[in-house]
Amino acid sequence: MQKVLIIGGGAGGSALLEMLRDSENLEMVGIADINPAAPALELAKELGISIRKSYTDFQKNDFDIVINVSGSNEVQRQLENYFPVSTVIIPGSIANFIVKLIHEKEHFIKKLSGESHKQNIIFNSIEEGMIGIDRSSHIIFMNRSASRMLEKDSREVIGKHIHELISTSELPRIYETGRVELNRELQLKNGLKIVTSRFPMIDENGEIIGAFAVFQDITEVVSLAEEITDLKEIQTMLQAIIQSSDDAISVVDENGYGLLVNPAYTRITGLHMDDVIGQPASADISEGESMHLRALQTRKPVRGVNLKVGPANREVIVNVAPIIVDNILKGSVGVIHDTTEIRSLMKELDRARSIIRTLESKYTFDDIIGLSPEMQLSLQQAKLAAQTPVTVLLRGESGTGKELFAHAIHSASDRKYNKFVRVNCAALSEELLESELFGYEEGAMPGVKSGEKKGLFEEANNGSIFIDEIGELSPAIQSKLLRVLQEHETLRIGGATPVPVNVRVIASTNANMEKALLDGTFREDLYYRLNRMPILIPPLRSRKQDIPRIVDRLLMKLNQEYGRNVESITDKALQLLRLYDWPGNVRELENVISRAMIFMNINEKILTEKNIPLNMIKAAETKNEVAIESGSPLQEQLDTVERGILQRALEQHKGNKSKTAKALDVSLRTLYYKLEKFGLN
């Protein structure tokens, strides 16, 4: 029995508890959640499952499986460091995926059970007696009418030799000859005379797998002749249930030799039926052990095992259960799910979600990539600002993602269902910007013959307005903006009646606002109104550890835009990207990745250092950060790069090793090891 610990008592934890509470192979031992009101904790109390605030309150060696449904990648890393290597740490995404697979499996079993129930109803509704044998002449089915006429319970005879029930039965001969016999008279031990027709059972490959008989009391033959069922159709229908399944199904006998596979199996594994039928159960395994053999040995189901099958090493998840009839092991049946197809569907889902967000011009905090301390601080401040109507001033260099932050703040606020209006102050002339922001009355604008126009503040009423490059505002517009912030009203050009507005202002700038105050080009009172919640967005050069994650997101975005299928980037290419200082920040990084993808061959799926623009490499060489020697081995080049990074970081922090380790996002112990390795200590 595998002992399981769940991290997180939210909806995911509740779903897992409900799903696994009656598991025969998994014992739910504990659950940890810092929130005492988490919904899963109440259920855990009812089930007698141990509850703790933190996973560290449990003994690390007490569990075989730890399922993380907290939704935190940081928690996932902590779990991997805390528990021993023998403990299986399952992320929440995979846990949700497992729950989905279990639901699908239960649905399939219910569907299959329903179909089987229908078949039993059909067999038992037929007035004719039906009995069938397998290759070894053992009875494999007998319907209710046959039980009545033979005066035997079907449960007593299934699995027995046919001659133990009917000593004169000719079914073994039918199996040997493969011939059909119709309307043969036979007298049973109880004196009942029957008319029987005997048929060989032939599978889709034309192979005889058994024989069956249909018989009827001779006195009823005439009256019921028109109602005799075509058993060939019934057999075909039973086969069709398995053959039409989208999930791959394989069946082996009690000795572990293949009996049956369906078309979905051959499609997923790449193996033909001849490669599996009659062969050992391990014939289809390319990596791992056969779950059929395990199920046969233990006589217990095996669920959710990852394997690789077929010549293409296809990754699959396998569920196998033994087939036991009257406590006799007859074989096992396996259902194979293709994880490649599942991952493809998940990618399509992510792509669809991304397209929807683009169509709505909406972004959330989930779209902002950044685990560096600097970006995490900015994100915490932005999330705090989203919960209040305070005016926000986003500061940062061009290309750092100020507009992305503005979208996210609006999407996380209570105004998210109202308008989000954007205006770039640097893109419009003073006259046009004023008319756009505040609107005008009829006849107030030269060159406009008639009509009035709402300003953007009015359009954004009850929503948010994002004013980009606010440092470019003229003094006159600054004065009118101050009135909006102070009085919560706007006045159209040429108008006399103020229009009340309830709008949340999010401003941004890459200018030095303090210098603008000293120069007198920006109003001090407006500055302090805007600067109530300043958020500094760090430049990319200050958070280079985020570059790999940002590149992954850009690859997904640009694949959609360009119709490409670039899957990943090499470590060496990432190393070059991290050496560059990125004066254009994330916008420049996107430009570089975009150009690299455009010039890649259409069938290339991995972006390498060869695709990185040459001028970027030269810039890094000029700064002595990396020296690329065409004749050097890859490891020597990487060591040269790493040594340059360490040396530069030490110089920046004046030899302070603690600050250097923190800046490089490595442990102090690792830093000392690398300094000793490169002779920098």
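Colleague: Which residue does K308 meet in a salt bridge?

Modeller: This is a predicted model, where local features need pLDDT of at least 70, side-chain atom pairs count only at pLDDT 80 or more, and totals for chains, interfaces and linings use all residues. Residues are numbered from 1 along each chain as its sequence is written, and side-chain values use heavy atoms, with hydrogens and water left out. A salt bridge here is a side-chain nitrogen of Lys or Arg within 4 Å of a carboxyl oxygen of Asp or Glu. At 3.8 Å, N to O, the partner of K308 is E287.

Colleague: How many residues apart in sequence are the parts tied together by K308 and E287?

Modeller: K308 sits in strand β14 (residues 302-309) and E287 in strand β13 (residues 285-287); helices (H or I, at least four residues) and strands (E, at least two) are DSSP runs, numbered from the N terminus. Because each residue lies in its own strand, the pair ties together parts with a sequence separation of 21 residues.

Colleague: Is E287 buried or exposed, or something in between?

Modeller: Buried means under 20% relative accessible area, exposed over 50%, and partly exposed in between (1.4 Å probe, protein chains only). K308 has a relative accessible area of 24%, so K308 is partly exposed. E287 has 46%, so E287 is also in that middle class: partly exposed.

Colleague: What about E514 and R395: how many residues apart are they?

Modeller: Their side chains meet in a salt bridge at 2.9 Å, N to O. E514 is in helix α19 and R395 in strand β17 (residues 392-395), so this pair links distant parts of the chain. E514 is partly exposed at 34%, while R395 counts as buried at 16%. Their separation is 119 residues.

Colleague: And how many salt bridges are there in the whole structure?

Modeller: Another one joins the side chains of E489 and R483 (2.9 Å, N to O). Some share partners, and E170, R173, E181, R184 and R198 form one network that way. The search of the whole structure gives 30.

Colleague: Over to R541: which side chain does its side chain make a polar contact with?

Modeller: R541 is in the loop between β25 (533-536) and α21 (547-562), and at 37% relative accessibility it counts as partly exposed. Setting aside neighbours within four places in sequence, R541 is in contact (heavy atoms within 4.5 Å) with E397, D581 and W582. A polar contact is a pair of N or O atoms within 3.5 Å; within protein, one must be able to donate a hydrogen and the other to accept it, and residues adjacent in sequence count only if both atoms are side-chain atoms. At 2.4 Å, the side chain in question belongs to E397.

Colleague: Which residue has its backbone oxygen 2.6 Å from a polar atom of the S378 side chain?

Modeller: S378 is in helix α14 and has a relative accessible area of 1%, so S378 is buried. Not counting residues up to four places away in sequence, S378 touches F405, I535, L536, I537 and P538. The backbone oxygen comes from L536.

Colleague: Last one: what percentage of the residues in the protein chain is buried?

Modeller: The chain has 27 helices and 27 strands. Of the contacts with a separation of 6 or more, 58% are between residues 24 or more positions apart. Out of 681 residues, the buried share is 42%.
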